[in-house]
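Hi everyone, thanks for coming. Today I'd like to walk you through some aromatic rings, so let's bring the structure up.

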Amino acid sequence: MANEARDYLLRQFDTAWALTWYHLEGVSTEECLWRPAQVGLHVRQEPDGRWRAEWPEHEGYDLGPPSIAWVTWHIGFWWSMVLDHSFGEGKLTREEVPWPGTADGVREWICRLQAQWRARLEQLTEDDVRSVQRTRWPFPDRPFGDVIAWANVELTKNASELGYARFLYAVRAR
């Protein structure tokens, strides 16, 4: 039996990943930690050495633009959450997801998540895609295909945020 829905979603995911990797591949730690404005979501290093991301109280434009570090943390956060809640114990929380601290660490982390996600998706049947069994986060009781489609859109959105911030960084001194 063909896995048409899964295969469409996988092809869409591959496109989203290619866009994301294009912006992640050469990013530096300096770029990650640069802030495009005086306000905006960012990461900070705690006294214990771990990097924590700020969490917005709302999603208004007055928050300001996020840093590349925050966007990369956000990718790792939602991907870690959806993997744990769909294929793991479902106990991971936002507070348990630190930022790696370096661009190399980001690439390693996000590539590992990408490989885990793709491997899980490849194993799904058409019934799995239609089922609500795995759908516990970010929205329960919807077909798992909705979660896959959401992740594809979220990854594409984050790729565009990374690219835009990298454009701003590249011309900051002009």
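Let's start with Trp-78, which counts as buried because its relative accessibility is 1%; buried means under 20% relative accessible area, exposed over 50% and partly exposed in between, using a 1.4 Å probe and protein chains only. Trp-79 is buried too, at 0%.

A quick word on the source: this is a predicted model, where local features need pLDDT of at least 70, side-chain atom pairs count only at pLDDT 80 or more, and totals for chains, interfaces and linings use all residues. Residues are numbered from 1 along each chain as its sequence is written, and side-chain values use heavy atoms, with hydrogens and water left out.

Now the pairs. Rings of Phe, Tyr and Trp (its six-membered ring) pair if their centres lie within 6.5 Å, and planes under 30 degrees apart count as stacked, over 60 as edge-to-face and the rest as tilted. The structure holds 17 aromatic pairs. One of them is Trp-78 with Trp-79, stacked at 5.3 Å centre to centre with 25 degrees between the planes.

What about Phe-139 and Trp-150? Their planes stand at 80 degrees, with centres 6.3 Å apart, so this pair is edge-to-face. Phe-139 is buried, at 17% relative accessible area.

Phe-139 also has Arg-142 over its face, 4.0 Å from the ring centre; for such a contact, NZ of Lys or CZ of Arg must be within 6 Å of the ring centre and within 35 degrees of the ring normal. Likewise, the charged end of Arg-172 sits over Tyr-169, 3.7 Å from the centre of that ring.

Finally, one aromatic cluster includes Trp-78, Trp-79, Phe-139 and Trp-150.
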